[in-house]
Amino acid sequence: MKKIKTPLMKSVRTKLRCGQEVLLSGTIYTARDEAHKKLTELIRRKKKLPFDLKDAVIYYSGPTPMRRNGLFGSCGPTTSSRMDKFTPILLKESLGAMIGKGRRSNRVRDLIKREKAVYLLAIGGAGAYLAKRIKSSSVLAFKKLGPEAIYKLEVKDFPLVVGIDSSGRSVYK
Amino acid sequence: MRKINVNKIKKVVSELCIEANVNLRRDIYKAILKALKKETNRRARSILGILLENAGIARGESRALCQDTGLVCVYVRIGQDVKLVGGDLKKSIDSGVKEGYKKGALRKSVVKSPLLRVNTGTNTPSIIYTDIVKGNKLKITVIPKGFGSENKSKLEMLNPTQGEKDIISFILEVVKEAGPDACPPYILGIGLGGTFDKASSLAKKALISPIDRQNAKKHLRKLEDAILKEVNKLGIGPMGLGGKTTCLGVNILEYPTHIAGLPVAVNVGCHITRSASRVI
């Protein structure tokens, strides 16, 4: 299976094909509804973001609390379509990839194609299995949001399927 | 009168919250195993295998099956010969939820107001349904309901002259719309009849029954089988990436209704639909 690393550079993204299975290693950032609202507000107000979006990978996930070892018990993907209204502004800021579950809007798909980004799928409802591929985690921003905060994760061989590739082809037709 | 202290209820609710979130229901585990044997799509087989592995890891390492540990619905069947002592029933249930979610390191997913959206930090309040029945026992069932699937649930007020065919086509529409988004293969809880609200509550309650238990009513059993067959023809499959396994089980509950209506509610459940019960 193809192994890929973060930051996920354009030269790597454009080689990924819809339906392809990949293993991702490196740093990824969690962000779901409230964090997206805050990130896009920061961009609109031209403020500094908590992490560099260029070639970065965002994971749509709100993990269970950290356990004694500092790692999450369960950390799977949430439904991506809820982020669709915020995604275009992030893609225009050179976001490299998103990890989630389910379909995206046509507008997001078109922008993925235009910006040569990629949308990756993780297995929904397998949070315990996926959490074991996370090697370290720390809260990065919006701590008050609890499970909706932005966490910085180091993942090793995180199993994913290419949902929408950089030419705009979707695995869901 | 048999006395039951509400502190006992708190303790049981706390344990059930952890149990439901960590242990995949036996009937569902068996259904995934059965689907794996029948499934011919390579990717679907591999995903179903991972779902079983996920269940093993969750149980073995006391991890939540899914990070969305849900909004907790609690069903309490109270025997009419039971006298509750030691405090307030609803408060004891919510303090049980709070304790379970803290002890089990489960996610707190409840916001105080749907508009103001401030997390309560305790995963309470829960949604409590009480029912007074015969006897001197008390049965508690806890359903932590994830919202990926809850968001795809729907209700339709059909006309009384519509029937099975229209019910099936409505349900197929609901499942198609859920598509890959709500963690297929699904468990469908269906409520027929009653009123607008009764049909919805029946649909949720239907998710509690084991999917391998036959419906006692023959006409509902037939409809459950027909729905399961049709839904599995959709080809959505695990993760929505294709295959024969789109639905693991269908449970229907019905209630008498008005001459002018036929309410149909579908509560979509994901492949780790959770519930746990105990009798005190």
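Student: How many helices and strands does the secondary structure of chain B come to?

Tutor: This is a predicted model, and only local features with pLDDT of at least 70 are considered. Within that limit, the secondary structure of chain B comes to eight helices and 10 strands.

Student: Why is chain B described as being as compact as a globular protein of its length?

Tutor: The C-alpha trace of chain B spans about 55 × 50 × 40 Å along its principal axes. For 280 residues the globule rule gives 19 Å, and chain B is as compact as a globular protein of that length because its radius of gyration is close to that value, at 19 Å.

Student: What separates the centres of domain 1 of chain B and domain 2 of chain B?

Tutor: The domain assignment places residues 2-22 + 65-145 of chain B in domain 1 and residues 147-274 in domain 2. Taken over C-alpha atoms, the centres of domain 1 of chain B and domain 2 of chain B are separated by 25 Å.

Student: Which residues of domain 1 of chain B lose the most area to domain 2 of chain B?

Tutor: Between them, domain 1 of chain B and domain 2 of chain B bury about 1,200 Å², with 61% of it on carbon and sulfur atoms. On the side of domain 1, three residues together account for 49% of what is buried, and they are Tyr75(B), Ile143(B) and Lys145(B).

Student: Which side chains meet in a salt bridge with an N to O distance of 3.1 Å?

Tutor: Between domain 1 of chain B and domain 2 of chain B the count is one salt bridge. A salt bridge requires a nitrogen of Lys or Arg within 4 Å of a carboxyl oxygen of Asp or Glu. The pair at 3.1 Å is Glu150(B) and Lys145(B).

Student: Which element gives the largest share of the side of domain 1 of chain B that touches domain 2 of chain B?

Tutor: The rule finds seven residue pairs in polar contact across the interface of domain 1 of chain B and domain 2 of chain B. Helix H1 (6-22), strand S2 (71-79) and strand S5 (138-145) of chain B each supply at least two residues of that side of domain 1. The largest share, five residues, comes from S5(B).

Student: What area is buried between chain B and chain A?

Tutor: In the contact between the chains, 38 residues of chain B meet 38 residues of chain A. Carbon and sulfur atoms give 53% of the area buried between chain B and chain A, which is about 2,800 Å².

Student: Which helix gives the largest share of the side of chain B that touches chain A?

Tutor: Four salt bridges are found across the interface of chain B and chain A, and the side chains of Arg43(B) and Glu21(A) meet in a salt bridge at 2.9 Å, N to O. The elements giving two or more residues to the side of chain B that touches chain A are helix H3 (42-61) and helix H6 (164-178) of chain B. The largest share, 10 residues, comes from H3(B).

Student: What is omega for the cis peptide bond that joins Thr124(B) and Pro125(B)?

Tutor: Pro125(B) lies in the loop between helix H4 (89-103) and strand S4 (127-133) of chain B. For the cis bond joining Thr124(B) to Pro125(B), omega is about 0°.

Technical notes:
Residues are numbered from 1 along each chain as its sequence is written. Chains are lettered from A and ligands numbered from 1 in the order in which they are written. This is a predicted model: local features need pLDDT of at least 70, side-chain atom pairs count only at pLDDT 80 or more; totals for chains, interfaces and linings use all residues. Side-chain values use heavy atoms; hydrogens and water are left out. Domain bounds come from an automatic or database domain assignment. Buried area is the accessible area (1.4 Å probe) that two parts lose on being put together, summed over both. A polar contact is a pair of N or O atoms within 3.5 Å; within protein, one must be able to donate a hydrogen and the other to accept it, and residues adjacent in sequence count only if both atoms are side-chain atoms. Helices (H or I, at least four residues) and strands (E, at least two) are DSSP runs, numbered from the N terminus. The radius of gyration is taken over C-alpha atoms; the globule rule is 2.2 Å times the number of residues to the power 0.38. Contact means heavy atoms within 4.5 Å.
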